[in-house]
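The sequence and the structure are shown first.

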Amino acid sequence: MLQRIQTIYLLLAAITSAGLIFVFSLWENSVGESIYAQDELIAFGMFIASAAISLVSIFMFKNRKLQFVLGRLNIILNLFLLGVFVYWSLTLPGEMDISEKGIGMFLPIISIVFLVLANKAIKKDEDLVKSVDRLR
């Protein structure tokens with residue numbers, strides 16, 4: 001059913017991954033230009049993949065186990081994206097490319113929070129179904 005709380009959490013994760021990347025910049029370079037996710041192909045692809053997995057997971061409501069696995073896969077993808085951002089911000093020499101970090105680098109953390117909440121609600125639903133099956 002689409003009216004469950006995990007649908008809201010997954011939709012918020014998809015909005016965070018697909019919509020907010022166009023609003024918040026990842027960083028500013030030394031010239032002062034804002035760099036957005038669509039300027040970096042790796043980051044843009046990972047954000048769009050995360051949003052796509054969230055949207056696909058919404059419509060997997062009949063198969064809660066697959067929905068749970070997709071949520072975990074999405075969490076791993078966002079952790080990997082966060083690792084890429086940390087790598088970029090720490091290994092670039094000096095203040096050459098990344099002068100000021102933007103809030104866009106923290107979008108994977110927000111998405112991870114929503115995905116964890118969604119997986120918690122999916123697990124709760126699965127436990128409820130198992131407990132009802134035991135009573136039969």
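## Residues and helix packing in a predicted model

Val 56 is placed in helix α2, where helices are DSSP runs of H or I with at least four residues and strands are runs of E with at least two, numbered from the N terminus. The model is a predicted one, in which local features need pLDDT of at least 70 and side-chain atom pairs count only at pLDDT 80 or more, while totals for chains, interfaces and linings use all residues. Residues are numbered from 1 along each chain as its sequence is written, and side-chain values use heavy atoms, with hydrogens and water left out.

With a relative accessible area of 41%, Val 56 is partly exposed; the classes are buried under 20%, exposed over 50% and partly exposed in between, for a 1.4 Å probe and protein chains only. Gly 19, in the loop between α1 and β1 (27-28), is also partly exposed, at 33% relative accessible area.

| Residue pair | Separation along the chain | C-alpha distance |
|---|---|---|
| Val 56 and Gln 67 | 11 residues | 8.6 Å |
| Gly 19 and Phe 47 | 28 residues | 9.5 Å |
| Ala 118 and Leu 11 | 107 residues | 9.7 Å |

### Overall organisation

The chain contains four helices and three strands, arranged along the sequence as α-β-β-α-α-β-α. Of its 136 residues, 40% are buried. Contact here means heavy atoms within 4.5 Å. Among contacts between residues at least 6 apart in sequence, 71% join residues at least 24 apart.

### Packing of α1 and α2

Two packed helices are described by the angle between their axes and the distance between the axes. Helix α1 (residues 5-18) and helix α2 (residues 41-58) have axes that come within 8 Å and cross at roughly 160°. The axes are lines fitted to C-alpha atoms, for helices over the stretch in contact, and angles run from 0 to 180 degrees between N-to-C directions. The two helices are therefore roughly antiparallel to each other, a class that covers angles over 145 degrees, as against under 35 for roughly parallel, 65 to 115 for roughly perpendicular and the rest for oblique.

On the α1 side, the residues that meet α2 are Thr 7, Leu 10, Leu 11, Ala 13, Ala 14, Ser 17 and Ala 18. Their partners in α2 are Phe 47, Ser 50, Ala 51, Ser 54, Leu 55, Ser 57 and Ile 58. By class, this contact holds nine nonpolar, five polar and no charged residues; Ala, Val, Leu, Ile, Met, Phe, Trp, Tyr, Cys and Pro count as nonpolar, Asp, Glu, Lys and Arg as charged, and the others, Gly among them, as polar.

### Buried residues

Thr 16 belongs to helix α1 and is buried, with a relative accessible area of 4%. A polar atom of the Thr 16 side chain lies 2.7 Å from the backbone oxygen of Leu 12. Beyond neighbours within four places in sequence, Thr 16 is in contact with Ile 21, Leu 107, Ile 110, Ser 111 and Phe 114.

Ala 118 lies in helix α4 (residues 107-135) and counts as buried at 0% relative accessibility. Leaving out neighbours within four places in sequence, Ala 118 is in contact with Gln 6, Tyr 9 and Leu 10.

Which residue's side chain makes a polar contact with the side chain of Arg 4? The partner is Asp 125, at 3.3 Å; a polar contact is a pair of N or O atoms within 3.5 Å, where within protein one must be able to donate a hydrogen and the other to accept it, and residues adjacent in sequence count only if both atoms are side-chain atoms. Arg 4 is in the segment before α1 and counts as buried, at 16% relative accessibility. Not counting residues up to four places away in sequence, Arg 4 touches Phe 61, Arg 64, Gln 67 and Asp 125.
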